[in-house]
Amino acid sequence: MKMAKCVVWDLDDTLWHGTLSAGDDLVLRDGVVNVIKTLDARGILQSVASKNNHDDALRKLEEVGLAEYFLYPQINWNSKSSSVAAIREKLNIGIDTIMFVDDQPFERDEVAFVHPDVETIDSADLGGMLSMPRLSPTVVTEDAARRRQMYLEDQARNEAELAHQGASDEFLGGLDMIFTISRAKGGDLLRLAELTERTNQLNSTGIQYSHQQLEELMHSPDHDLWVCELTDRYGSYGKIGVALVEKQDDRWTVNLLLMSCRTVSKGVGTVLLSFLLNRAAENGKRFFARFRRTDRNRQMLVTYQLANFRVVWREGNDYLYENDLAVRPEYPGYIKVKIDA
Amino acid sequence: MRDEVVANMADVMVADAAAKIRGYLRENMTAFQDVELDDEDNIFERGYFTSLFAMQLLHYVESTFDIEVPDDYIILQNFSSVRRLADMVGELKASAGE
């Protein structure tokens with residue numbers, strides 16, 4: 001089972017005792033605040049799927065000091081399965097990384113029926129949640145602990161984008177994005193291992209690397225391990241991309257290229273690839289890239305194939321691309337690229 | 001005679017696809033607004049294409065013309081101009097038996 005990325009909470013008789021719309025006196029359940037704050041510190045996102053009047057429920061959440069912990073809360077009279085689907089879409093995460101907590105068997109079954117990959121939790125099991133393996137990451141990186149903050153910044157960006165009338169590249173130009181590419185350092189490795197585990201869409205092979213493997217590659221003279229960070233005027237996205245280049249004589253091969261799904265909508269997917277391409281050309285190398293087609297990484301295929309990479313070898317879902325380096329790509333005008341080589 | 005009618009129908013379809021794709025590019029890329037955009041122009045040279053925009057364009061083409069673009073059609077050559085994109089749409093429509 002995959003580690004959970006998001007826990008979706010019911011409110012009435014799950015988060016608190018009593019029913020808001022019935023005018024009950026609401027009391028937070030014992031230990032619920034600790035569970036929410038601990039999950040948050042572990043980098044697990046949280047949201048709400050509740051059948052209630054939106055404004056009333058949100059006011060109550062603010063009153064008890066928990067509103068800020070929930071991203072894209074879905075408080076409406078729709079089915080919980082549709083609320084879960086809406087949260088999944090907003091957060092851009094896999095449905096199989098969501099867990100749903102509710103006191104009512106009907107609601108849990110309804111969600112499980114529509115989304116068989118969502119694990120449901122009876123709210124009576126609240127006390128055991130913090131020791132559930134899927135909610136207990138072995139390491140918590142600095143990026144993970146800031147994850148909710150980063151999504152909140154995203155929410156602000158998205159609202160600004162919705163308010164913006166006009167072309168999307170024009171909006172991107174107003175974000176003052178800075179993309180920094182540097183060599184991986186020891187302190188980056190936990191986050192890089194986490195990225196290889198969590199990233200599906202913009203991932204060239206889907207192969208996971210452990211901290212130890214990455215450490216060996218970082219020190220290997222035959223490899224370059226690059227990491228990139230993105231900031232804009234709303235804040236930092238943290239470390240969001242990795243590239244692993246194997247260097248053999250006159251050939252450089254990109255064994256792994258990935259970008260966090262949180263940056264998919266920022267149009268930065270090609271920046272790291274452009275950097276590698278230009279670097280290979282400057283060094284007079286032939287340039288190859290490994291790719292493994294999965295059911296999730298079509299965007300990576302598009303990235304490579306529209307960047308003039310041609311398939312030179314293929315076995316099943318495994319590809320080897322070559323780029324003849326005839327075209328030297330430029331970075332998009334709306335993004336400032338800093339190289340720390 | 002019948003073949004000719006079919007051929008003309010296909011031409012009409014491709015021309016219609018080209019018009020729609022041109023409209024989409026104009027609406028979504030500043031580089032294509034308020035300028036001449038010929039069907040033969042290399043759109044990759046005229047505007048900076050991110051993989052994000054390429055994905056959006058792909059989704060647009062697939063949903064508008066009700067086709068699925070296979071992996072081996074996703075190449076620069078097929079995406080380089082409005083004409084090429086429209087031709088690809090026509091070809092995929094034809095191979096789907098429409």
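In strand β11 of chain A, A:L257 is the bridge partner of A:A243. A:A243 is also the partner, within β10(A), of A:W226. Helices and strands here are DSSP runs, with H or I over at least four residues for helices and E over at least two for strands, numbered from the N terminus. Strands count as paired if DSSP finds at least two bridges between them. The model is predicted; local features need pLDDT of at least 70, side-chain atom pairs count only at pLDDT 80 or more, and totals for chains, interfaces and linings use all residues. Residues are numbered from 1 along each chain as its sequence is written, and chains are lettered from A and ligands numbered from 1 in the order in which they are written.

Strand β9(A) (residues 223-232) pairs with β10(A) (residues 235-248) in the antiparallel sense over 10 bridges. The two form a hairpin with 2 residues between them. β10(A) is joined in turn to β11(A) (residues 251-259) by 8 bridges, again antiparallel. This second pair is a hairpin as well, with 2 residues between its strands. In its turn, A:D249 has a positive phi of about 45 degrees.

A residue is buried if 20 or more other C-beta atoms lie within 10 Å of its own, exposed if 12 or fewer, and partly exposed in between, with C-beta atoms placed from the backbone. Contact between two residues requires C-beta atoms, placed from the backbone, within 7 Å. Leaving out residues up to four places away in sequence, B:V89 touches B:A17, B:V61, B:F65 and B:I67.

The contact between the chains takes 18 residues from chain A and 18 residues from chain B. On the side of chain A, α7 (168-173), α10 and α11 (298-305) each give two or more residues. The largest share, 5 residues, comes from α11(A). By class, this side has 6 nonpolar, 10 polar and 2 charged residues. Ala, Val, Leu, Ile, Met, Phe, Trp, Tyr, Cys and Pro count as nonpolar, Asp, Glu, Lys and Arg as charged, and the others, Gly among them, as polar.

B:S51 belongs to helix α3 (residues 51-65) of chain B. B:S51 is buried, because 25 other C-beta atoms lie within 10 Å. Residues up to four places away in sequence aside, B:S51 touches A:G269, A:T270, A:Q299, A:V302, A:T303 and A:L306.

Chain A is divided into domain 1 (6-135) and domain 2 (167-340), with bounds from an automatic or database domain assignment. Their centres, taken over C-alpha atoms, are separated by 35 Å.

An open sheet of 5 strands in chain A has the order β5-β4-β1-β6-β7, with parallel pairing. β5 (74-76) and β7 (119-122) stand at the edges, each with a single partner strand, so one side of each is left without a neighbour in the sheet. β4(A) (residues 45-51) pairs with β5(A) in the parallel sense over 3 bridges. A:K51 stands opposite A:N76 in β5(A).
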